[in-house]
Amino acid sequence: MEANRGHLCPRCGAVIAPQVLAQDEGACPECELGFSSRPLTAGRSSHQRRTADRQRSARRRIQVFSDCTFQVYGLDAGWEGARWLRGWGYHDDRLTSVTLAHGPADLEAASVSVEISVGEHAWNHTATSLAQNLYRDGADATAPLRATFDAQDPTASWDPLTLIVDGHPMEWRALAGPHSWVAIASVEGAVVGVHANLLGPASCRLAGVSIDDYRSDPTGLFATGPE
């Protein structure tokens, strides 16, 4: 993953340079979508805030395993590496997405993240998130990548790709960068997004999995400690 590449505008997909993002206020150079940011001024020290945030995340992570009522997908039994819960999202106190990681926490190694989302806006949200990830990995801001942010169908310009799901070939939409690629499809009522790094599509065979197989924490970020 390349550092200091800036960010893609969530409205039009244009590149917002790091020096613009570093300002308290700014705007997209093309569509002029504005943004503002202010430094945190909480009374607690940054260490105390980080500790409290970690404890909250650890408690929420435990809750995710019991709140997940939809089928999740990950690499099939052929994957012998680490499996862990990378992220999750809630809407109106309902779990609406989980991200399952395969491989070490080191982003320089071969790894695959699979995001499973449900809800009205799952397709568009997943597509734009995948495009942002691909750009951060070093992909150029090509027309298909930028079109993800302003097209009625965000994946209309993406390439077709076949991935195996539960032993059967399935059509996906995909974009590729120098070292990584992303893909998206609707699977059994859920939107599934794949972000693979240093691992080709032929090695990414998906299957319905149990979220309980993803309880390990190779990052150590979710270790609980005293309040």
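**The whole protein**

Start with everything shown. The model is predicted. Its secondary structure comes to four helices and 13 strands. The protein has 227 residues, and 41% of them are buried. Colour by element on a surface view: the accessible surface is about 12,200 Å², and carbon and sulfur atoms account for 49% of that area. For contacts between residues at least 6 apart in sequence, 53% link residues at least 24 apart.

**Helices α3 and α4**

Next, select residues 122-136, which form helix α3, and residues 143-150, which form helix α4. Two packed helices are described by the angle between their axes and by the distance between those axes. Here the angle is about 145° and the axes are 9 Å apart. The crossing of α3 and α4 is left-handed.

Now show side chains where the two helices meet. On α3, pick A127, T128, A131, Q132, L134 and Y135; on α4, pick L145, T148 and F149. By class, this contact of α3 with α4 has six nonpolar residues, three polar ones and no charged ones.

**The buried side of α4**

Stay on α4 and select L145, A147, T148 and F149, which are buried. Which elements cover the buried residues of α4? Among them are β1 (7-8), α3 and β10. Displaying these three elements together with α4 shows part of that cover.

**T126 in helix α3**

Go back to helix α3 and select T126. Is T126 buried or exposed? T126 has a relative accessible area of 0%, so it counts as buried. To see what surrounds T126, leave aside its neighbours within four places in sequence and select the residues in contact with it: E115, S117, I184, V191 and G193.

**H168 in strand β10**

The last stop is strand β10, residues 168-176, where H168 is found. This strand is one of the elements that cover the buried residues of α4. H168 itself has 54% relative accessibility, and exposed means over 50%, so H168 counts as exposed.

Conventions. Residues are numbered from 1 along each chain as its sequence is written. This is a predicted model: local features need pLDDT of at least 70, side-chain atom pairs count only at pLDDT 80 or more; totals for chains, interfaces and linings use all residues. Side-chain values use heavy atoms; hydrogens and water are left out. Axes are lines fitted to C-alpha atoms, for helices over the stretch in contact, and angles run from 0 to 180 degrees between N-to-C directions. A crossing is left-handed if the near helix is turned anticlockwise from the far one by less than a right angle, and right-handed if clockwise. Contact means heavy atoms within 4.5 Å. Ala, Val, Leu, Ile, Met, Phe, Trp, Tyr, Cys and Pro count as nonpolar, Asp, Glu, Lys and Arg as charged, and the others, Gly among them, as polar. Buried means under 20% relative accessible area, exposed over 50%, partly exposed in between (1.4 Å probe, protein chains only). Accessible areas come from the Shrake-Rupley method with a 1.4 Å probe; for residues, only the protein chains shown count as cover.
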